[in-house]
Amino acid sequence: MTDQPANDAPGTTRLNARVVGICVAAALGGFLFGFDTAVINGAVDALSAQFELGSALTGFAVSSALIGCALGAWFAGPLANRFGRVPVMLVAAVFFFVSSVGSGLAFGVADLIAWRVLGGLGVGAASVIAPAYIAEVSPAHVRGRLGSLQQLAIVSGIFVALLSDALFANLAGGAAQEFWFGLEAWRWMFLAEVVPAVAYGLFAMRLPESPRFLVARGDLDKAAQVLHDFTGVDRVNLKIVEIQNSLEHERRASFRDLKGPLMGLRPIVWVGILLSVFQQFVGINVIFYYSTTLWRSVGFGESDALTITVITSVTNILVTIVAILLVDKVGRRPMLLVGSIGMAVSLGMMALCFSFATLVDGEASLAAPWSTIALISANAFVVFFGATWGPLVWVLLGEMFPNKVRAAALAVAAAVQWAANFAVSTTFPGLAEIGLTFAYGLYAVMALLSFLFVWKFVPETKGRELEDMTDEAFKRAVREG
């Protein structure tokens, strides 16, 4: 499993505009992923007041979509292996569309939660299919950059969701105020998702199927055409033989293929699972789901809090672009290690700041200079996460598993990631009632543990062909550090 220059590989590849184009189109699922999960940010206070929700039900309403995300991720892999990557993308687009309309026109918290769960099914499916598809059509020497498009799309979706939230709230005079056609502004925040959902569906209909899925199905002529025209492979026949060899024992992967000697699973599957868990347990989505509420607690009004949240999401986009530029030069492992340390320090500073908070009407309030330090620390946390753990976990999940189990293993890892996201998002209001120092201190500890995990168990995958990703090669890479 040694690095091999792209020019010397048996299936030499060239980067062309077509492969970039189809990767961007596939990553639109990531855009909807980010939009759907973050749009609740600007609406949470308004819908909580309108439906008279307590802290526990508010937390569940915010995180309810994540139940659908876990289910969508769990079933997307087997469905993609049976029907193809593109059909699953089209189904996800339909779920996004219906969820947007249903959430915007919700009569109460019960049907709002139901529509959010439906949208979550689309998010979960997109979270599995997009990175797998991008990895399978990308040349090895630029796979990290193209795989990072998924995270760039996610943070762009978060940005657009938060920006539209701010615009609707400001134009209406508040998220709870009536806007167009007598509907409250928070409802239009959900309805805005109709536009990217339709765009995603239209783009998905024009995507070629994954060449590795086509080879697994025996459609070698079409696979050869996609490899040559889109993926940029010059020596197509040799590449097809490589793919066939990697799939030689199994035509269709299932969850049974993930069984192994380490607590019932292959070691490489556990690495994927723990990468997903740590990505969420550092608490990143607390910033994106609850940041408006958080900044109001440190002295900002609703309008200013929404604006700060938008600025934070812009920062996230910029540092993700930095990650795209560095990932195939620096490598995955060193960037993750740096990110873990940076997150631990910034989260530790946030915990320190909130130890000086006072309670005002039952909510934490920070005075200067701690409010300013908390703001800087929160954005530093976003910088370290966005430049490392945000994009690189998706890159690794898309490329680290053997071909014949990639979709199934990625489905498990993504489902666990959504379950971890649900756990963090649901428990944050309760942890905040105990104390924000406790909450952010806990996330800081998780960031430190993520450093130790990467140092010990995560190998470098930069520049390796997908056909070289085997259990034996993984074990050897871990032993070599």
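Q: Which residues are buried in helix 10?
A: This is a predicted model. In helix 10, which covers residues 194-204, the buried residues are P196, A197, Y200, G201 and A204.

Q: How are those buried residues of helix 10 arranged, seen down its axis?
A: They fall within an arc of 140 degrees, so the buried residues line one face of helix 10.

Q: At what angle do helix 5 and helix 10 pack?
A: The angle is about 165 degrees, and the axes of helix 5 and helix 10 are 9 Å apart. The two helices are therefore roughly antiparallel to each other, the cut-off for that being over 145 degrees.

Q: Left-handed or right-handed crossing?
A: Helix 5 passes helix 10 in a left-handed crossing.

Q: Which residues meet there?
A: From helix 5 there are V86, M89, L90, A92, A93, F96, F97, S100 and V101. On the helix 10 side they meet V194, A197, V198, Y200, G201 and A204.

Q: And how do the residues of that contact divide by class?
A: The contact of helix 5 with helix 10 has 13 nonpolar residues, two polar ones and no charged ones.

Q: Take S100, then. Buried or exposed?
A: S100, in helix 5, counts as buried, at 1% relative accessibility.

Q: What is S100 in contact with, leaving aside its neighbours within four places in sequence?
A: With that exclusion, S100 is in contact with F190, L191, A192, E193 and V194.

Q: Helix 4 next. How far apart are the axes of helix 4 and helix 5?
A: The axes are 7 Å apart, and helix 4 (residues 65-83) packs with helix 5 (residues 85-104) at an angle of about 130 degrees. That makes helix 4 oblique to helix 5.

Q: What makes that contact?
A: Helix 4 contributes A76, L79, A80, N81 and F83, and helix 5 contributes R85, P87 and V88. By class, six of the residues are nonpolar, one is polar and one is charged.

Q: Changing topic: how do the axes of helix 14 and helix 20 cross?
A: Helix 14 (residues 267-281) and helix 20 (residues 436-457) have axes that come within 9 Å and cross at roughly 155 degrees. Helix 14 and helix 20 are therefore roughly antiparallel to each other. The crossing of helix 14 past helix 20 is left-handed.

Q: Which residues make the contact?
A: On helix 14 they are V271, L274, L275, F278 and F281. On helix 20 they are Y443, M446, L449, S450, F453 and F457. The contact of helix 14 with helix 20 has ten nonpolar residues, one polar residue and no charged residues.

Q: I also have V424 marked. What does V424 touch, not counting residues up to four places away in sequence?
A: V424 touches Q280, F281, G283, V286 and Y443 on that count. F281 and Y443 are both part of the contact between helix 14 and helix 20.

Q: Where is V424 found?
A: V424 is in helix 19, residues 406-434. V424 is buried, with a relative accessible area of 7%. From V424 to Y443 the C-alpha distance is 9.6 Å, and the two are 19 residues apart in sequence.

Q: How about S377, buried or exposed?
A: S377 is buried, its relative accessible area being 7%. S377 belongs to helix 18, residues 370-399. Apart from neighbours within four places in sequence, S377 is in contact with S346, M349 and M350.

Q: Last, the whole chain. How many helices and strands?
A: The chain has 21 helices and three strands. Of its 481 residues, 60% are buried. Among contacts with a separation of 6 or more, 81% are between residues 24 or more positions apart.

Conventions:
Residues numbered from 1 in each chain as written. Predicted model: local features only at pLDDT ≥ 70, side-chain atom pairs only at ≥ 80, totals over all residues. Heavy atoms only, no water. Buried < 20%, exposed > 50% of the residue type's maximum accessible area, 1.4 Å probe, protein only. Helix = DSSP H or I, 4+ residues; strand = E, 2+ residues; numbered from the N terminus. Arc of directions from axis to C-beta. Axes fitted to C-alpha atoms, helices over the stretch in contact; angles between N-to-C directions. Parallel < 35°, antiparallel > 145°, perpendicular 65-115°, else oblique. Left-handed = near helix turned anticlockwise from the far one by under 90°. Contact = heavy atoms within 4.5 Å. Nonpolar A, V, L, I, M, F, W, Y, C, P; charged D, E, K, R; others polar.
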